[in-house]
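Please keep the picture in view while I talk.

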Amino acid sequence: MEGFVAKQVHDYQNGKISRRRLIEILTLATTTAYSGKSAGAAEQSGLDVALVNHLSYTCPDFRRAADWYSMVFNLDQVGATARDVALPFGKKDEKPYGVSADDVPLTHIICRTRPPDTPASNRLPRRKARAVIDHIALTVADFDRERAKAQLAAIGVKNVRDGGPFSVYVNDPFGYEVQIAGLGVTAICGAEARATCSDKR
Amino acid sequence: MERFIAALVQGLDSGRIDRREFCKSVALAAAVYSAGDAAQAQVQRGFKIIGINHMSYTCPDYAKARDWYASVLNMKTEAARDDGKRANLMFGPEPGKGGSFLVTRNPGSVASGSAGAKAGGEAVIDHVCYTIPNWDEARVRATLEAKGLDVTGRDGSLHVYDPFDYDVQIASTAEENAFRR
């Protein structure tokens, strides 16, 4: 426990975490210790997410959206119905990048058209969210910003914006913002910070 | 090739590409096809996607969302990137090796180059589904219920709401797989 606290204080004093965050971490750690569990156990009490399974993208014309994502990211369209279609990030039987487990499928986007208040699959009314996924960032192979801009221009994508030196932003046909980045843009080294980041994975 | 051409035509019809660019693209595709490598033409024009890099999630209280995703889905917070207005939560493979992250942000916290959250957009990501490996129905349900969540859905494909009523789906590969729709 002491070592854990010392590490947090060190991070706080070196500006790595805020005062509020320090308080939150130590409160959690101390209350967990009091109940007889380790901080590690508390962190592991949830479910281990392996990957995004899919993003459910709803828009006025799912075919138009799907064609755009297919064109820009070379995605196949599978399982089309009258109201939706799936775009997997690879071919059948391929494994997701960086994943060795056999029970983790390729991530896919489902492009669909349906009213926003359509009941969920459980037939209960869908709640109105007070949060929004305002953009998604997709990792692509061998990313180079200037080359990416040329590629996008060649396929007619307009309004391409720099997202720092290591990514670009575009809008899909319905104005949804999509960031395109390489593997080097991570939670540790964001697109803006990567140039000065010590983590060079 | 047909799909590629169809996409080009749609681009032309919608004004995304002009006539000149359309002609150049078709001519290029034809040339490559005649060389016996039509598929390569597509690959060179678009991107080879690896996966989701991150999702930017804007909500009234980023810290509350951060703590929920860390607690329920064991996402790992990156303290150095928590500035009191946003936080990065990692999951999946290692960063830089296919890993993804969720950015929880307060309104007004906008990434450089991004337009940020806008109201009234035509498109929305109405839910995100996460894969849980080694799926054990009883264990997954018990874990979620222990967090005080109202769990709905069917076996192998469950839904819960996060603190801001955002729909979060949790699934096994058996129930949610693009090739088994």
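Let me begin with strand E7 of chain A, where four of the five residues are buried, so this strand is largely enclosed by the rest of the structure. By buried I mean that 20 or more other C-beta atoms lie within 10 Å of the residue's own, while exposed means 12 or fewer and partly exposed lies in between, with C-beta atoms placed from the backbone. Helices (H or I, at least four residues) and strands (E, at least two) are DSSP runs, numbered from the N terminus.

Before going further, a word on what we are looking at: this is a predicted model, in which local features need pLDDT of at least 70 and side-chain atom pairs count only at pLDDT 80 or more, whereas totals for chains, interfaces and linings use all residues. Residues are numbered from 1 along each chain as its sequence is written, and chains are lettered from A, with ligands numbered from 1, in the order in which they are written.

What does E7(A) pair with? Strands count as paired if DSSP finds at least two bridges between them. E4(A) runs parallel to E7(A), over five bridges, and within that pairing A:Ile136 has A:Val178 as its bridge partner. Strand E6 of chain A, residues 167–171, is joined to E7(A) by five bridges as well, but here the strands run antiparallel, and A:Val168 has A:Ile180 in E7(A) as its partner. Five residues lie between the strands of this E6(A) and E7(A) hairpin, and A:Gly175 there takes a positive phi near 80°.

Stepping back to the whole of chain A, the secondary structure comes to five helices and seven strands, and along the sequence these follow the pattern α-α-α-β-α-β-β-β-α-β-β-β. Of its 201 residues, 39% count as buried. Among contacts in chain A between residues at least 6 apart in sequence, 48% join residues at least 24 apart, where a contact means that the C-beta atoms of two residues, placed from the backbone, lie within 7 Å.

Now to the other chain. How many residues of chain A are in contact with chain B? There are 93, and they meet 88 residues of chain B. On the chain A side, E4(A) gives the most, with nine residues, and the residues of that side divide into 48 nonpolar, 25 polar and 20 charged. In that count Ala, Val, Leu, Ile, Met, Phe, Trp, Tyr, Cys and Pro are nonpolar, Asp, Glu, Lys and Arg are charged, and the others, Gly among them, are polar.

A:His135 stands opposite B:Ser56 in E1(B).

A sheet also takes strands from both chains: seven strands form an open sheet in the order E2(A)-E3(A)-E1(A)-E5(B)-E8(B)-E7(B)-E6(B), with mixed pairing. Its edge strands, each pairing on one side only, are E2 of chain A and strand E6 (152–154) of chain B.

The largest nonpolar core has 87 residues, of which A:Tyr57, A:Ala65, A:Tyr69, A:Cys111 and B:Leu89 touch the most other members. Such a core is a set of buried Ala, Val, Leu, Ile, Met, Phe, Trp, Tyr and Cys residues joined through C-beta atoms within 7 Å. H4(A) gives the most to this core, with seven residues. Leaving aside residues up to four places away in sequence, A:Ala65 touches several residues, among them A:Tyr57, A:Cys111 and, from the other chain, B:Ala123.

I will finish with some loop residues. A:Asn74, in the loop between H4 and E2 of chain A, has a positive phi near 55° although it is not a glycine, and it is partly exposed, with 19 other C-beta atoms within 10 Å. B:Asn74 likewise has a positive phi of about 55°, and it is partly exposed, with 18 other C-beta atoms within 10 Å.
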